[in-house]
Amino acid sequence: MAAATELVSTSPEETEAAGERLGRTLGPGDVVALVGELGAGKTCFIQGLVRGLGVTTRATSPTFVLINQYRGRVPVYHVDAYRTESLAELQDLGLPELFAGDGVTVVEWADKLLPLLPPGTIEVTIAGLGDEPRTITIRRLT
Ligand SMILES: Nc1ncnc2c1ncn2[C@@H]1O[C@H](COP(=O)(O)OP(=O)(O)OP(=O)(O)O)[C@@H](O)[C@H]1O
Ligand SMILES: [Mg+2]
């Protein structure tokens with residue numbers, strides 16, 4: 001496993017900037033898995049990430065529709081697995097096809113679908129809540 005990158009963010013702007021830096025490096029087929037508690041800053045990170053992918057509309061959490069799609073340098077799919085009940089439901093939604101496709105797929109609450117994540121997935125873990133600084137760890141899954 002490649003070494004993890006760890007950084008500390010003391011503001012939503014810093015978290016977005018970290019997302020944007022990662023977004024600039026992404027390309028077709030990349031999968032980014034966000035893990036962190038309610039209010040950790042997953043959506044905040046993704047707002048920067050999609051900007052780094054050339055998306056000009058602001059990302060919002062797709063809590064009810066489950067998958068949002070944005071147009072950037074490549075198609076970007078933003079999944080929020082919070083309300084999903086089972087892996088089967090996520091499979092039926094077509095996540096394996098999205099992961100295998102040519103877009104970039106970004107998943108909030110990715111710990112709910114670990115078995116579905118392909119090798120090479122970039123896992124972003126955000127720790128810290130409320131006004132606390134956030135520790136953001138980025139590593140590639142094998
Ligand atoms: N350093 C920080 N980084 C990110 N967010 C921060 C930070 N400090 C405070 N916040 C606040 O924490 C909240 C993070 O919200 P966000 O919606 O991004 O979290 P989330 O992990 O997506 O939550 P949910 O599980 O509800 O989807 C925002 O209100 C933001 O302003
Ligand atoms: Mg969110």
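A polar contact here is a pair of N or O atoms within 3.5 Å; within protein, one must be able to donate a hydrogen and the other to accept it, and residues adjacent in sequence count only if both atoms are side-chain atoms. With that in hand, look at ligand 1: one of its oxygen atoms sits 2.8 Å from an N or O atom in the side chain of Thr 43. The protein covers 71% of the 640 Å² of accessible area that ligand 1 has on its own (Shrake-Rupley method, 1.4 Å probe; for residues, only the protein chains shown count as cover).

A quick word on the ground rules. This is a predicted model, where local features need pLDDT of at least 70 and side-chain atom pairs count only at pLDDT 80 or more, while totals for chains, interfaces and linings use all residues. Residues are numbered from 1 along each chain as its sequence is written, chains are lettered from A and ligands numbered from 1 in the order in which they are written, and side-chain values use heavy atoms, leaving out hydrogens and water.

Back to ligand 1. Among the 17 residues around it, Thr 15, Gly 41, Lys 42, Thr 43 and Cys 44 come nearest (a residue is near if one of its heavy atoms lies within 4 Å). The side chain of Thr 15 has an N or O atom 2.6 Å from a nitrogen atom of the ligand, and a polar backbone atom of Gly 39 is 3.0 Å from a ligand oxygen. Helix 2 gives the most to this shell, with 3 residues. Helices (H or I, at least four residues) and strands (E, at least two) are DSSP runs, numbered from the N terminus.

Thr 43 turns up again at the magnesium ion, ligand 2. Its OG1 and the OE of Glu 108 are the protein donors, lying 2.1 to 2.2 Å from the ion (donors are N, O and S atoms within 2.8 Å of the metal, or 3.2 Å for Na, K and Ca; water is not among the atoms, so sites may look incomplete). Thr 43 lies in helix 2 (residues 42–52) and Glu 108 in strand 5 (residues 104–108), so the pair ties together parts 65 residues apart in sequence. Glu 108 is buried, at 3% relative accessible area (buried means under 20%, exposed over 50%, partly exposed in between; 1.4 Å probe, protein chains only). Thr 43 counts as buried too, at 19%.

Now move on to Trp 109, in the loop between strand 5 and strand 6 (122–127). Trp 109 has a positive phi of about 60° although it is not a glycine. Most residues other than glycine have a negative phi.
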